Amino acid sequence: MKNGLQLSRNDRRRAATLAVIILVQALCAAFFFSDVVSDFKSDKYLSEVHFYMEAIATLVLIAGVVFLMIELRKIMARVEQLDRGLRGARGEMAEIIDAFFEEWDLTPSEKDVGLLILKGFDNEAISQLRGTAAGTVRAQSTRIYSKAGVESRAQLFSVFLDELLAGEGRQDGADLKA
Amino acid sequence: MLREHHLGSGRDSARSGKTIQVWDPLVRLIHWGVVLMVVINAAIVAKDSPLHLWAGYTMLVLVGVRLLWGVIGTRPARFAAFPPNPFRALDYVKKMRRSDKTVHLSHNPLGALMVYNIWTTLLVIATTGYMMGTIRFFGVVWVERAHELAYDWLLVSIAAHILGVAFDIWRSGVPLVQAMIHGGKRIPNDTPVE
(Lines give C-alpha, C1' and ligand atoms only; values in the text may rest on other atoms or scores of the structure.)
Protein backbone atom coordinates (compact mmCIF):
# COMPACT_ATOMS: atom_id res chain seq x y z
CA MET A 1 0.00 0.00 0.00
CA LYS A 2 2.92 2.33 0.64
CA ASN A 3 3.90 1.71 -2.96
CA GLY A 4 0.46 2.67 -4.15
CA LEU A 5 0.52 5.88 -2.18
CA GLN A 6 3.99 6.68 -3.48
CA LEU A 7 2.82 6.16 -7.05
CA SER A 8 -0.14 8.40 -6.54
CA ARG A 9 2.08 11.07 -4.99
CA ASN A 10 4.37 11.04 -8.05
CA ASP A 11 1.36 11.33 -10.31
CA ARG A 12 0.03 14.22 -8.29
CA ARG A 13 3.30 16.09 -8.65
CA ARG A 14 3.34 15.45 -12.39
CA ALA A 15 -0.24 16.64 -12.62
CA ALA A 16 0.54 19.89 -10.81
CA THR A 17 3.53 20.54 -13.10
CA LEU A 18 1.43 19.82 -16.17
CA ALA A 19 -1.29 22.20 -15.00
CA VAL A 20 1.22 25.03 -14.59
CA ILE A 21 2.72 24.38 -18.04
CA ILE A 22 -0.75 24.24 -19.60
CA LEU A 23 -1.67 27.64 -18.20
CA VAL A 24 1.63 29.33 -19.09
CA GLN A 25 1.54 27.85 -22.57
CA ALA A 26 -2.10 28.87 -23.03
CA LEU A 27 -1.18 32.45 -22.07
CA CYS A 28 1.69 32.42 -24.58
CA ALA A 29 -0.56 30.90 -27.23
CA ALA A 30 -3.15 33.62 -26.67
CA PHE A 31 -0.46 36.31 -26.90
CA PHE A 32 0.95 34.99 -30.18
CA PHE A 33 -2.51 34.33 -31.54
CA SER A 34 -3.53 37.95 -31.05
CA ASP A 35 -0.23 39.04 -32.56
CA VAL A 36 -0.78 36.87 -35.62
CA VAL A 37 -4.33 38.14 -36.00
CA SER A 38 -3.26 41.77 -35.85
CA ASP A 39 -0.41 41.09 -38.30
CA PHE A 40 -2.91 39.43 -40.59
CA LYS A 41 -5.28 42.39 -40.39
CA SER A 42 -2.58 44.93 -41.05
CA ASP A 43 -1.80 43.23 -44.38
CA LYS A 44 1.82 44.34 -44.34
CA TYR A 45 3.37 41.08 -43.25
CA LEU A 46 1.55 38.59 -45.43
CA SER A 47 4.51 38.31 -47.79
CA GLU A 48 7.01 37.65 -45.04
CA VAL A 49 8.14 34.20 -43.92
CA HIS A 50 8.20 35.59 -40.40
CA PHE A 51 4.40 35.82 -40.35
CA TYR A 52 3.88 32.22 -41.43
CA MET A 53 6.42 30.91 -38.97
CA GLU A 54 4.62 32.78 -36.23
CA ALA A 55 1.27 31.46 -37.36
CA ILE A 56 2.56 27.88 -37.36
CA ALA A 57 4.18 28.33 -33.96
CA THR A 58 0.87 29.60 -32.61
CA LEU A 59 -0.99 26.61 -33.98
CA VAL A 60 1.56 24.25 -32.47
CA LEU A 61 1.30 26.03 -29.11
CA ILE A 62 -2.48 25.63 -29.14
CA ALA A 63 -2.25 21.99 -30.20
CA GLY A 64 0.29 21.48 -27.41
CA VAL A 65 -2.12 22.92 -24.85
CA VAL A 66 -4.86 20.53 -25.92
CA PHE A 67 -2.43 17.60 -25.96
CA LEU A 68 -1.16 18.40 -22.45
CA MET A 69 -4.74 18.71 -21.22
CA ILE A 70 -5.48 15.21 -22.46
CA GLU A 71 -2.32 13.96 -20.73
CA LEU A 72 -3.39 15.67 -17.51
CA ARG A 73 -6.78 14.04 -17.71
CA LYS A 74 -5.15 10.63 -18.08
CA ILE A 75 -2.92 11.19 -15.06
CA MET A 76 -5.84 12.34 -12.94
CA ALA A 77 -7.88 9.31 -14.02
CA ARG A 78 -4.99 7.10 -12.87
CA VAL A 79 -4.75 8.90 -9.52
CA GLU A 80 -8.48 8.46 -9.02
CA GLN A 81 -8.36 4.79 -9.96
CA LEU A 82 -5.43 4.13 -7.65
CA ASP A 83 -7.15 5.91 -4.76
CA ARG A 84 -10.34 3.98 -5.35
CA GLY A 85 -8.44 0.70 -5.70
CA LEU A 86 -6.67 1.24 -2.38
CA ARG A 87 -9.90 2.15 -0.64
CA GLY A 88 -11.56 -0.88 -2.21
CA ALA A 89 -8.75 -3.23 -1.16
CA ARG A 90 -8.92 -1.96 2.40
CA GLY A 91 -12.67 -2.36 2.52
CA GLU A 92 -12.50 -5.80 0.95
CA MET A 93 -9.85 -7.01 3.39
CA ALA A 94 -11.99 -5.81 6.30
CA GLU A 95 -15.01 -7.63 4.89
CA ILE A 96 -13.07 -10.85 4.47
CA ILE A 97 -11.72 -10.66 8.02
CA ASP A 98 -15.20 -9.96 9.35
CA ALA A 99 -16.67 -12.88 7.44
CA PHE A 100 -14.05 -15.37 8.67
CA PHE A 101 -14.30 -14.22 12.27
CA GLU A 102 -18.07 -14.70 12.15
CA GLU A 103 -17.63 -18.07 10.49
CA TRP A 104 -15.28 -19.21 13.24
CA ASP A 105 -17.66 -18.00 15.98
CA LEU A 106 -15.03 -15.87 17.67
CA THR A 107 -16.12 -14.06 20.82
CA PRO A 108 -15.79 -10.24 20.76
CA SER A 109 -12.52 -10.32 22.71
CA GLU A 110 -11.16 -13.08 20.49
CA LYS A 111 -12.04 -10.92 17.48
CA ASP A 112 -10.04 -8.06 18.96
CA VAL A 113 -7.08 -10.30 19.67
CA GLY A 114 -7.35 -11.89 16.22
CA LEU A 115 -7.33 -8.49 14.61
CA LEU A 116 -4.30 -7.38 16.58
CA ILE A 117 -2.51 -10.58 15.58
CA LEU A 118 -3.28 -9.84 11.95
CA LYS A 119 -2.01 -6.32 12.42
CA GLY A 120 1.31 -7.82 13.49
CA PHE A 121 1.33 -7.31 17.25
CA ASP A 122 2.98 -10.03 19.34
CA ASN A 123 1.29 -11.53 22.37
CA GLU A 124 3.12 -9.29 24.80
CA ALA A 125 2.08 -6.11 22.97
CA ILE A 126 -1.49 -7.37 22.74
CA SER A 127 -1.65 -8.07 26.45
CA GLN A 128 -0.35 -4.57 27.13
CA LEU A 129 -2.82 -3.00 24.71
CA ARG A 130 -5.73 -4.91 26.19
CA GLY A 131 -4.56 -4.63 29.77
CA THR A 132 -4.77 -8.39 30.31
CA ALA A 133 -2.24 -10.97 31.42
CA ALA A 134 0.08 -12.42 28.79
CA GLY A 135 -1.28 -15.87 29.65
CA THR A 136 -4.81 -14.77 28.77
CA VAL A 137 -3.71 -13.56 25.34
CA ARG A 138 -1.81 -16.79 24.75
CA ALA A 139 -4.92 -18.78 25.67
CA GLN A 140 -7.09 -16.60 23.45
CA SER A 141 -4.79 -16.92 20.47
CA THR A 142 -4.64 -20.69 20.94
CA ARG A 143 -8.44 -20.77 20.90
CA ILE A 144 -8.48 -18.60 17.77
CA TYR A 145 -6.04 -20.95 16.03
CA SER A 146 -8.06 -24.00 16.98
CA LYS A 147 -11.35 -22.40 15.90
CA ALA A 148 -9.71 -21.42 12.62
CA GLY A 149 -8.19 -24.86 12.23
CA VAL A 150 -4.64 -23.53 11.89
CA GLU A 151 -1.55 -24.14 13.96
CA SER A 152 0.37 -20.90 13.81
CA ARG A 153 0.29 -17.20 13.15
CA ALA A 154 1.72 -17.74 9.68
CA GLN A 155 -1.05 -20.15 8.78
CA LEU A 156 -3.64 -17.72 10.10
CA PHE A 157 -2.25 -15.03 7.79
CA SER A 158 -2.25 -17.37 4.84
CA VAL A 159 -5.97 -18.05 5.26
CA PHE A 160 -6.70 -14.39 4.52
CA LEU A 161 -4.06 -14.00 1.85
CA ASP A 162 -5.38 -17.05 0.03
CA GLU A 163 -8.80 -15.52 0.07
CA LEU A 164 -7.56 -12.21 -1.35
CA LEU A 165 -5.33 -13.83 -3.96
CA ALA A 166 -7.99 -16.32 -5.04
CA GLY A 167 -9.26 -13.34 -7.00
CA GLU A 168 -12.70 -14.66 -7.82
CA GLY A 169 -13.98 -11.18 -7.10
CA ARG A 170 -15.54 -10.46 -3.77
CA GLN A 171 -16.64 -13.24 -1.52
CA ASP A 172 -19.18 -12.59 1.13
CA GLY A 173 -20.04 -14.50 4.26
CA ALA A 174 -22.61 -16.63 2.43
CA ASP A 175 -19.99 -17.93 0.02
CA LEU A 176 -17.62 -18.76 2.82
CA LYS A 177 -20.19 -20.79 4.69
CA ALA A 178 -21.17 -22.76 1.64
CA MET B 1 -10.55 1.61 23.31
CA LEU B 2 -10.00 -1.58 21.39
CA ARG B 3 -13.44 -1.27 19.86
CA GLU B 4 -12.11 1.78 18.06
CA HIS B 5 -9.41 -0.44 16.68
CA HIS B 6 -11.93 -2.72 15.12
CA LEU B 7 -10.92 -3.99 11.70
CA GLY B 8 -8.01 -1.72 11.29
CA SER B 9 -7.04 1.24 9.20
CA GLY B 10 -9.65 0.76 6.50
CA ARG B 11 -12.52 1.01 8.88
CA ASP B 12 -10.83 3.65 10.99
CA SER B 13 -10.41 6.01 8.09
CA ALA B 14 -13.93 5.25 7.00
CA ARG B 15 -15.09 6.22 10.44
CA SER B 16 -13.46 9.65 10.47
CA GLY B 17 -14.54 10.34 6.88
CA LYS B 18 -12.96 9.61 3.55
CA THR B 19 -11.18 11.99 1.25
CA ILE B 20 -12.04 11.79 -2.42
CA GLN B 21 -9.95 13.42 -5.12
CA VAL B 22 -12.21 15.94 -6.86
CA TRP B 23 -10.54 19.09 -8.19
CA ASP B 24 -7.54 18.54 -10.44
CA PRO B 25 -4.64 21.01 -10.26
CA LEU B 26 -5.73 22.85 -13.41
CA VAL B 27 -9.13 23.70 -11.94
CA ARG B 28 -7.51 24.87 -8.72
CA LEU B 29 -4.85 26.99 -10.42
CA ILE B 30 -7.46 28.62 -12.65
CA HIS B 31 -9.75 29.31 -9.68
CA TRP B 32 -7.08 31.08 -7.67
CA GLY B 33 -5.59 32.67 -10.79
CA VAL B 34 -8.93 34.29 -11.57
CA VAL B 35 -9.23 35.40 -7.94
CA LEU B 36 -5.79 36.99 -8.20
CA MET B 37 -6.61 38.78 -11.46
CA VAL B 38 -9.91 40.09 -10.08
CA VAL B 39 -8.18 41.34 -6.93
CA ILE B 40 -5.42 42.97 -9.00
CA ASN B 41 -7.88 44.77 -11.25
CA ALA B 42 -10.42 45.64 -8.59
CA ALA B 43 -8.13 46.81 -5.85
CA ILE B 44 -4.50 47.19 -6.88
CA VAL B 45 -3.82 48.66 -10.32
CA ALA B 46 -5.35 51.83 -11.79
CA LYS B 47 -8.14 51.42 -14.34
CA ASP B 48 -6.26 53.07 -17.16
CA SER B 49 -2.92 51.37 -16.52
CA PRO B 50 -1.63 48.81 -19.04
CA LEU B 51 -1.45 46.29 -16.19
CA HIS B 52 -5.26 46.45 -15.94
CA LEU B 53 -5.48 45.25 -19.54
CA TRP B 54 -2.90 42.49 -19.05
CA ALA B 55 -4.61 41.19 -15.93
CA GLY B 56 -7.90 41.26 -17.85
CA TYR B 57 -6.46 39.31 -20.80
CA THR B 58 -4.86 36.81 -18.43
CA MET B 59 -8.22 36.32 -16.73
CA LEU B 60 -9.86 35.83 -20.13
CA VAL B 61 -7.34 33.13 -21.08
CA LEU B 62 -7.81 31.42 -17.70
CA VAL B 63 -11.58 31.30 -18.19
CA GLY B 64 -11.07 30.16 -21.79
CA VAL B 65 -8.86 27.26 -20.70
CA ARG B 66 -11.41 26.38 -18.02
CA LEU B 67 -14.22 26.29 -20.59
CA LEU B 68 -12.19 23.98 -22.84
CA TRP B 69 -11.40 21.87 -19.74
CA GLY B 70 -15.16 21.70 -19.15
CA VAL B 71 -15.39 19.73 -22.40
CA ILE B 72 -12.27 17.56 -22.35
CA GLY B 73 -11.27 17.67 -18.68
CA THR B 74 -11.50 15.38 -15.67
CA ARG B 75 -14.93 14.10 -14.71
CA PRO B 76 -15.80 16.53 -11.89
CA ALA B 77 -14.53 19.43 -14.02
CA ARG B 78 -16.71 18.62 -17.02
CA PHE B 79 -19.91 20.57 -17.69
CA ALA B 80 -21.75 17.26 -17.74
CA ALA B 81 -21.03 16.89 -14.01
CA PHE B 82 -22.79 20.15 -13.19
CA PRO B 83 -25.23 21.07 -15.98
CA PRO B 84 -26.76 24.57 -15.77
CA ASN B 85 -30.24 23.43 -14.86
CA PRO B 86 -32.48 25.67 -12.68
CA PHE B 87 -34.88 22.78 -12.07
CA ARG B 88 -32.13 20.66 -10.57
CA ALA B 89 -31.19 23.65 -8.43
CA LEU B 90 -34.80 24.02 -7.24
CA ASP B 91 -34.95 20.31 -6.54
CA TYR B 92 -31.72 20.61 -4.60
CA VAL B 93 -33.13 23.44 -2.47
CA LYS B 94 -36.21 21.34 -1.71
CA LYS B 95 -34.06 18.39 -0.69
CA MET B 96 -31.93 20.68 1.44
CA ARG B 97 -35.05 21.84 3.32
CA ARG B 98 -35.89 18.20 3.98
CA SER B 99 -32.35 18.06 5.44
CA ASP B 100 -31.13 15.63 2.83
CA LYS B 101 -27.39 15.72 3.32
CA THR B 102 -26.26 14.24 0.01
CA VAL B 103 -22.84 15.59 -0.91
CA HIS B 104 -22.18 16.35 -4.58
CA LEU B 105 -18.65 15.52 -5.66
CA SER B 106 -18.61 18.21 -8.31
CA HIS B 107 -20.47 21.51 -7.80
CA ASN B 108 -23.88 21.08 -6.22
CA PRO B 109 -26.77 22.09 -8.54
CA LEU B 110 -27.19 25.46 -6.85
CA GLY B 111 -23.45 26.15 -6.86
CA ALA B 112 -23.38 25.16 -10.54
CA LEU B 113 -25.66 28.08 -11.40
CA MET B 114 -23.29 30.41 -9.59
CA VAL B 115 -20.34 28.98 -11.54
CA TYR B 116 -22.01 29.68 -14.90
CA ASN B 117 -23.12 33.09 -13.66
CA ILE B 118 -19.58 34.06 -12.68
CA TRP B 119 -18.08 32.75 -15.92
CA THR B 120 -20.62 34.70 -17.97
CA THR B 121 -20.02 37.84 -15.95
CA LEU B 122 -16.24 37.52 -16.32
CA LEU B 123 -16.62 37.04 -20.08
CA VAL B 124 -18.85 40.12 -20.34
CA ILE B 125 -16.33 42.13 -18.35
CA ALA B 126 -13.43 40.93 -20.50
CA THR B 127 -15.28 41.47 -23.79
CA THR B 128 -16.49 44.97 -22.95
CA GLY B 129 -13.07 45.76 -21.52
CA TYR B 130 -11.46 44.66 -24.77
CA MET B 131 -13.99 46.66 -26.80
CA MET B 132 -13.17 49.82 -24.85
CA GLY B 133 -9.64 49.53 -26.18
CA THR B 134 -10.67 49.17 -29.84
CA ILE B 135 -10.95 52.14 -32.19
CA ARG B 136 -14.52 51.28 -33.04
CA PHE B 137 -15.90 51.24 -29.49
CA PHE B 138 -13.49 53.63 -27.81
CA GLY B 139 -15.45 56.04 -25.64
CA VAL B 140 -18.81 54.49 -26.50
CA VAL B 141 -21.00 55.02 -23.47
CA TRP B 142 -23.02 51.82 -23.42
CA VAL B 143 -19.85 49.71 -23.57
CA GLU B 144 -18.40 51.49 -20.56
CA ARG B 145 -21.70 51.20 -18.71
CA ALA B 146 -21.88 47.50 -19.47
CA HIS B 147 -18.30 47.02 -18.22
CA GLU B 148 -19.11 48.78 -14.94
CA LEU B 149 -22.47 47.10 -14.47
CA ALA B 150 -20.96 43.67 -15.08
CA TYR B 151 -18.24 44.51 -12.57
CA ASP B 152 -20.84 45.49 -9.94
CA TRP B 153 -22.70 42.27 -10.66
CA LEU B 154 -19.42 40.36 -10.26
CA LEU B 155 -18.95 41.83 -6.77
CA VAL B 156 -22.50 40.78 -5.82
CA SER B 157 -21.85 37.32 -7.26
CA ILE B 158 -18.56 36.91 -5.41
CA ALA B 159 -20.26 37.85 -2.14
CA ALA B 160 -23.03 35.33 -2.84
CA HIS B 161 -20.45 32.71 -3.83
CA ILE B 162 -18.53 33.13 -0.57
CA LEU B 163 -21.74 33.08 1.49
CA GLY B 164 -22.91 29.99 -0.39
CA VAL B 165 -19.62 28.19 0.24
CA ALA B 166 -19.69 29.15 3.92
CA PHE B 167 -23.29 27.95 4.21
CA ASP B 168 -22.50 24.64 2.53
CA ILE B 169 -19.47 24.03 4.77
CA TRP B 170 -21.64 24.69 7.80
CA ARG B 171 -24.44 22.45 6.52
CA SER B 172 -22.54 19.50 5.04
CA GLY B 173 -19.34 19.57 7.08
CA VAL B 174 -17.25 19.19 3.91
CA PRO B 175 -14.28 21.60 4.06
CA LEU B 176 -14.77 23.15 0.60
CA VAL B 177 -12.01 25.75 0.79
CA GLN B 178 -9.42 23.05 1.47
CA ALA B 179 -10.92 21.07 -1.42
CA MET B 180 -10.09 23.97 -3.73
CA ILE B 181 -6.54 24.08 -2.27
CA HIS B 182 -5.43 20.45 -2.28
CA GLY B 183 -8.14 18.98 -4.43
CA GLY B 184 -9.68 16.37 -2.11
CA LYS B 185 -13.16 16.61 -0.62
CA ARG B 186 -13.30 15.10 2.84
CA ILE B 187 -16.72 13.52 3.12
CA PRO B 188 -18.00 12.87 6.67
CA ASN B 189 -19.25 9.38 7.41
CA ASP B 190 -22.74 8.21 6.71
CA THR B 191 -23.11 10.94 4.14
CA PRO B 192 -24.50 9.85 0.78
CA VAL B 193 -22.43 10.99 -2.19
CA GLU B 194 -23.63 11.88 -5.65
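This is a predicted model: local features need pLDDT of at least 70, side-chain atom pairs count only at pLDDT 80 or more; totals for chains, interfaces and linings use all residues.
Read from the N terminus, its elements follow the order α-β-α-α-α-α-α-α-β. Taken along the principal axes, the C-alpha atoms of chain B fill a box of roughly 75 × 30 × 30 Å.

Helix α4, spanning residues 86-97, packs against helix α5, spanning residues 109-132, with the two axes 7 Å apart and at an angle of about 140°. Angles over 145 degrees would count as roughly antiparallel, and those from 65 to 115 as roughly perpendicular; α4(B) and α5(B) are therefore oblique to each other. On the α4(B) side, the contact is made by B:Pro86, B:Arg88, B:Ala89, B:Tyr92 and B:Val93. The partners from α5(B) are B:Pro109, B:Leu110 and B:Leu113.

Attention now turns to the place where the two chains meet. Chain A contributes 35 residues to the contact, and chain B contributes 31 residues. Between them, the chains bury about 2,800 Å², and 73% of this area lies on carbon and sulfur atoms. Three residues stand out on the chain A side: A:Leu23, A:Met69 and A:Arg73 supply 21% of the area that chain A buries against chain B, more than any other three residues.

One salt bridge is found between chain A and chain B. A:Glu80 forms a salt bridge with B:Arg75, and their closest N and O atoms are 4.0 Å apart.

Which elements give two or more residues to the side of chain A that touches chain B? They are four helices of chain A: α1 (2-42), α2 (49-103), α3 (108-118) and α4 (123-130). Of the residues on this side, α2(A) provides the largest share, with 16 residues. The makeup of the side of chain A that touches chain B is 23 nonpolar and 12 charged residues, with no polar ones.

Definitions and conventions: Residues are numbered from 1 along each chain as its sequence is written. Chains are lettered from A and ligands numbered from 1 in the order in which they are written. Side-chain values use heavy atoms; hydrogens and water are left out. Axes are lines fitted to C-alpha atoms, for helices over the stretch in contact, and angles run from 0 to 180 degrees between N-to-C directions. Angles under 35 degrees count as roughly parallel, over 145 as roughly antiparallel, 65 to 115 as roughly perpendicular and the rest as oblique. Contact means heavy atoms within 4.5 Å. Buried area is the accessible area (1.4 Å probe) that two parts lose on being put together, summed over both. A salt bridge is a side-chain nitrogen of Lys or Arg within 4 Å of a carboxyl oxygen of Asp or Glu. Ala, Val, Leu, Ile, Met, Phe, Trp, Tyr, Cys and Pro count as nonpolar, Asp, Glu, Lys and Arg as charged, and the others, Gly among them, as polar.
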